[in-house]
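Colleague: I have this one open and would like to go through it with you. Can we start with the overall layout?

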Amino acid sequence: MAAVARGRGLPRAWLCRRAGPGCGRHYRAALCTELKQPLAIEEVASRPVRPHEVRVDVHFCGVNFADILVCRGQYQEKPQLPFTPGMEFSGTVLETGTDVSTVKEGDRVIGVSGFNGMAEECIIDPKTLWQIPERVPLREAATLPVSYGTAILALEHRACTRPGETVLVTAAAGATGLAVVDVATNVLQAQVIAAAGSDEKCKLAMQKGAQSTVNYGQGGLKEAVRKLVGSGGVSVAIDTVGGDVFLEALRSLAWEGRIVVVGFAGGTIASVPANLLLLKNVSAMGLYWGRYKEQNFPVFSRTLSSALQYCQQGRIQPHIGAVFKLEEVNDAFLHVIQRKSTGKVLISLK
């Protein structure tokens with residue numbers, strides 16, 4: 001699958017028609033036909049939109065680690081084969097169903113699609129589309145749903161971060177980490193300590209607004225944070241790494257500090273020592289971004305509206321690490337797996 005790169009530009013033999021006779025026009029899509037195998041680029045038939053649906057001409061689709069996991073059969077959601085990965089996209093509305101009044105043909109939108117965004121067109125519920133403000137380019141807009149949606153939910157909704165508080169961000173040069181740095185610094189006016197695994201990544205986090213950095217590839221995170229803020233600790237920690245990094249971030253919290261678990265990029269899920277929660281009255285909480293779509297849609301929707309507004313106002317500056325063509329989707333997955341890029345990786349459908 002994604003771990004196997006098939007080179008840039010797939011041979012024509014990879015393209016095949018999946019439609020029966022008389023189905024009309026087709027569009028290209030990345031398909032997972034077998035778990036843990038390379039994705040195929042195939043032509044699929046456009047189906048009619050139902051009254052409550054919208055057809056979108058996809059311009060850019062974000063690549064997230066969840067896309068890789070779902071194609072390995074290791075994600076919480078397990079779509080039936082074959083399926084198209086891709087959780088977030090930007091594009092323009094091609095067609096609306098008869099019952100749709102919230103968007104119209106030609107509108108520029110971002111969408112949260114479950115798993116079907118890596119295709120030249122996507123049919124979706126208009127409830128999960130948000131109109132893009134005029135001054136926000138489609139490319140930058142595609143970076144917002146997962147990374148910035150997660151950052152805003154973690155900082156504003158879960159941790160209730162206040163201006164002037166100190167925020168520790170792990171994996172600070174990743175797509176979500178940079179988004180957290182961006183929102184914490186430039187929207188919430190917090191003091192950010194960015195932790196990453198190399199000096200180059202730390203430098204990028206500083207450029208995005210972090211006041212201090214820690215290279216945890218060179219030593220312990222807790223001691224490095226102590227040197228920066230003293231024994232008092234940090235108010236908030238946003239962790240996407242897990243394992244020992246999570247435990248050190250937890251130990252770096254101040255009295256009544258809050259740590260939000262966003263993911264386990266390091267591959268290890270740590271157990272929380274309950275005595276640490278008690279001693280300093282700290283809170284450890286989780287954030288599963290996609291679950292809010294089902295459990296608390298108003299909050300979910302508000303975060304995406306906020307991300308678009310912040311981007312329009314110039315308060316946040318999404319960082320795009322690499323852009324691949326649809327035919328290069330396996331290279332894009334490998335790029336993410338090997339952590340070759342900082343920031344968001346995108347698939348361009350145009």
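**Domains and cores**

Modeller: This is a predicted model. The chain is divided into domain 1 (27-132 + 319-348) and domain 2 (146-291).

Colleague: How many Å separate the centres of domain 1 and domain 2?

Modeller: Taken over C-alpha atoms, the centres of domain 1 and domain 2 are 29 Å apart.

Colleague: And how many residues are in contact there?

Modeller: On the domain 1 side there are twelve residues, in contact with 13 residues of domain 2.

Colleague: What area do domain 1 and domain 2 bury between them?

Modeller: About 950 Å², with 59% of it on carbon and sulfur atoms. Within domain 1, the residues that lose the most area to domain 2 are His 319, Arg 339 and Thr 342, which together make up 43% of what that side buries.

Colleague: How many salt bridges does the rule find across that interface?

Modeller: Zero salt bridges between domain 1 and domain 2. Four residue pairs are in polar contact between the two domains, both residues at pLDDT 80 or more. The side of domain 1 that touches domain 2 has three nonpolar, five polar and four charged residues.

Colleague: New topic. Which residues have the most contacts inside the largest nonpolar core?

Modeller: Val 183 and Ile 347, in a core of 87 residues. That core takes at least three residues from each of domain 1 and domain 2. Another core lies apart from it and has 19 residues, including Val 225, Leu 247, Leu 253 and Leu 276.

Colleague: Back to Val 183, what does it touch?

Modeller: Leaving out residues up to four places away in sequence, Val 183 touches Tyr 148, Ala 151, Ile 152, Leu 155, Glu 156, Leu 188 and Ile 316.

Definitions and conventions. Residues numbered from 1 in each chain as written. Predicted model: local features only at pLDDT ≥ 70, side-chain atom pairs only at ≥ 80, totals over all residues. Heavy atoms only, no water. Core = buried A, V, L, I, M, F, W, Y, C linked by side-chain atoms within 4.5 Å. Buried < 20%, exposed > 50% of the residue type's maximum accessible area, 1.4 Å probe, protein only. Domains from an automatic or database assignment. Contact = heavy atoms within 4.5 Å. Buried area = accessible area lost by both parts, 1.4 Å probe. Salt bridge = Lys/Arg side-chain N within 4 Å of Asp/Glu carboxyl O. Polar contact = N/O pair within 3.5 Å; in protein donor to acceptor, adjacent residues only side chain to side chain. Nonpolar A, V, L, I, M, F, W, Y, C, P; charged D, E, K, R; others polar.
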